[in-house]
Amino acid sequence: MASGTALIYDDEMTSYKLLWDDPECDIEVPERLLSSYEQLKHYHLVERCIHVPVREGTEEEIMLVHSSEYLEVVKSTQTMNEEELQRVSENYDAVYFHPNTYRCAKLAVGATLQLVDSVMSGKVRNGMALVRPPGHHSQRNAANGFCVFNNVAIAAQYAKRRYGLQRILIVDWDVHHGQGIQYVFEEDPSVLYYSWHRYEHQQFWPLLRESDYDAVGQGKGKGFNLNVPWNKVGMGNSDYLAAFFHVLLPVAFEFVPELILVSSGYDSGIGDPEGQMNATPECFAHLTHFLMQLANGRLCAVLEGGYHLKSLSESVCMTVKTLLRDPLPQISGEMAPCLSAIESIQNVRGAHKPYWKCLMYEGNCSSDAERNNFFCAVLGFILPVAYSYQPDLVIIVIGPNRSLGVNGISLLTCLLQGLAESQILVVIQVRSEIKLVQSVAKALSGVSTPDFGAYAPASQENVLEIKRLRDQLQQEWKMLRCSGNTHIEN
Ligand code: X5A
Ligand code: ZN
């Protein structure tokens with residue numbers, strides 16, 4: 001298994017900026033990249049990463065997502081004067097062009113593809129690209145929301161083509177809905193798109209009906225578009241973790257992605273003027289850690305938004321530190337998702353029940369309930385209780401009469417390493433199980449992530465028992481809450 005973390009950055013992507021007055025666009029500044037990179041240097045993270053150079057994305061690559069007509073429009077802005085630039089910008093929603101925008105947008109695409117190549121070739125295990133302009137709002141024929149070319153969508157198409165991938169997971173934790181990515185893959189079951197976003201019942205930009213939880217994908221792509229709309233501001237660590245435990249992670253483990261692309265926007269973090277959310281930088285370490293357990297650790301994080309320079313740069317550092325496999329910081333605050341978050345989570349689980357076995361067992365026993373597996377117990381019960389409790393030490397005890405297989409134990413070990421600042425002990429009370437010992441040792445050292453191809457499914461009885469326990473214990477262990485069925489205080 002590959003090791004090492006790529007970092008892709010080039011200060012040429014700071015060479016464009018807003019030239020006129022526009023209060024909607026003036027938060028998207030070159031300092032976003034500069035301060036993130038400075039902070040990475042400050043924590044000595046740059047020197048621990050493998051530096052990969054940027055390149056320009058080619059026209060052919062850009063046209064994996066965009067039309068040639070649109071490409072020509074963007075190209076034509078290179079030689080425009082300020083007045084002309086302003087006129088082109090007005091054709092789009094929340095966009096500004098500068099003579100260097102085209103060059104930087106090509107570099108942002110190329111940087112993202114360099115990252116995909118580094119990970120897919122095995123040169124590194126994972127990595128992050130710090131790019132401007134961001135990408136997730138841009139569309140086949142349109143720039144939108146500071147975005148020119150859709151870096152991550154292009155990367156997914158490119159990875160499918162070049163490496164023949166059949167399942168790619170895109171996690172968009174930016175606070176805005178990446179509608180551009182949704183549009184590209186709406187009918188495509190080979191790309192699972194997950195986005196949470198400030199929504200406020202469609203009162204928040206980009207004000208789209210199709211950002212709601214009931215946009216599940218279309219045609220063959222039904223079930224492969226997951227929207228978690230936040231209807232209140234102030235969502236924090238526990239709300240984000242609850243969305244991971246109860247929506248993204250169960251579906252992602254069932255999907256079995258071969259590559260993860262993160263639309264890594266940090267305007268969902270505390271202090272951001274756009275998001276008005278409360279998640280601390282540590283939260284992004286935990287989100288990153290969970291995703292690292294999928295796709296054999298093949299994870300590419302690509303910068304999107306993030307407008308509070310301090311919050312942005314600290315969160316970028318947390319992400320890179322976690323990719324480098326440093327111990328995770330404790331997550332702060334009371335671990336209890338708010339009612340509005342629980343409601344959103346319940347809605348998206350309900351909308352996706354027909355498409356994912358891990359969500360089906362909530363309903364009456366369908367024939368598929370029996371095929372429910374280990375992940376529902378780990379994600380739907382063990383992790384939420386553990387995160388509610390916030391231990392200072394984790395001890396895993398493995399006895400002789402267990403029903404869990406080697407892979408299951410290893411995955412559990414990996415996932416629990418996010419707790420107690422990664423202070424974890426595994427006690428194995430059985431002799432002569434060399435394979436188990438080896439696998440757990442690998443999990444602890446981070447040499448490999450367990451291959452989850454062969455987990456034994458839990459019995460229907462166990463699945464129902466887990467649900468019963470969850471209902472019974474959620475007053476005390478609030479991270480267990482994922483539906484409003486039971487009475488909730490606070
Ligand atoms: C990439 C990103 C936000 C645009 C907000 C416009 N764009 N009001 O965060
Ligand atoms: Zn954003």
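Ser422 sits in the loop between helix 14 (406-416) and strand 10 (424-428). When I say helix or strand, I mean DSSP runs numbered from the N terminus, H or I with at least four residues for helices, and E with at least two for strands.

Quick housekeeping. Residues are numbered from 1 along each chain as its sequence is written, and chains are lettered from A and ligands numbered from 1 in the order in which they are written. As this is a predicted model, local features need pLDDT of at least 70 and side-chain atom pairs count only at pLDDT 80 or more, while totals for chains, interfaces and linings use all residues, and side-chain values use heavy atoms, with hydrogens and water left out.

Back to backbones. Most residues other than glycine have a negative phi, and most peptide bonds are trans. Phe146 goes against that with a positive phi of about 70 degrees, and it is not a glycine either. Phe146 is in the loop between strand 3 and helix 6, and it counts as buried, at 10% relative accessibility.

Now the cis bonds. Which residue is joined to Pro133 by a cis peptide bond? That's Arg132, with omega at about -10 degrees. Trp205 and Pro206 are also joined by a cis peptide bond, omega about 10 degrees, and Pro206 is in the loop between strand 5 and strand 6.

Let's stay with Arg132. It's in the loop between strand 3 (126-129) and helix 6 (151-163), and Pro133 is in that loop too. Buried or exposed, this arginine? Arg132 is buried, with a relative accessible area of 0%. So what does the side chain of Arg132 meet? There's a polar contact with the side chain of Glu28 at 2.7 Å, and a polar atom of the Arg132 side chain lies 3.2 Å from the backbone oxygen of Tyr16. A polar contact here is a pair of N or O atoms within 3.5 Å; within protein, one must be able to donate a hydrogen and the other to accept it, and residues adjacent in sequence count only if both atoms are side-chain atoms. Not counting residues up to four places away in sequence, Arg132 touches a list including Met13, Thr14, Val29, Leu33, Tyr96 and Cys104, where contact means heavy atoms within 4.5 Å.

Some of those names come back in the cavities. Rolling a probe the size of a water molecule over the atoms shows where empty space is left. The structure holds 4 cavities of 30 Å³ or more. Grid points are joined across faces, edges and corners, and a volume is the space filled by probe spheres set on the points. The second largest cavity has about 40 Å³, and its lining includes Tyr16, Glu28, Tyr96, Pro133 and Phe146. That lining divides into 7 nonpolar, 1 polar and 1 charged; Ala, Val, Leu, Ile, Met, Phe, Trp, Tyr, Cys and Pro count as nonpolar, Asp, Glu, Lys and Arg as charged, and the others, Gly among them, as polar.

On to rings. Rings of Phe, Tyr and Trp (its six-membered ring) pair if their centres lie within 6.5 Å, with planes under 30 degrees apart stacked, over 60 edge-to-face and the rest tilted. That gives 23 aromatic pairs. Take Trp196 and Trp230: centres 6.1 Å apart, planes at 45 degrees, so the pair is tilted. Trp196 is in strand 5 (residues 191-198) and Trp230 in strand 6 (residues 225-230), so the pair ties together parts 34 residues apart in sequence. Both Trp196 and Trp230 are buried. There's also a cluster in which ring pairs link Tyr70, Tyr92, Phe97, Tyr102 and Phe149.

Last stop, Thr319 in helix 10 (residues 309-323). Thr319 counts as buried, at 1% relative accessibility. Leaving aside neighbours within four places in sequence, its contacts are Met128, Trp173, Tyr266, Phe284 and Thr288.

Note on methods: On a 1 Å grid over the protein atoms alone, a cavity is a set of points where a 1.4 Å probe fits but cannot get out, and a pocket is an open set with protein on both sides within 12 Å along at least five of seven lines; lining residues have an atom within 4 Å of a point. Buried means under 20% relative accessible area, exposed over 50%, partly exposed in between (1.4 Å probe, protein chains only).
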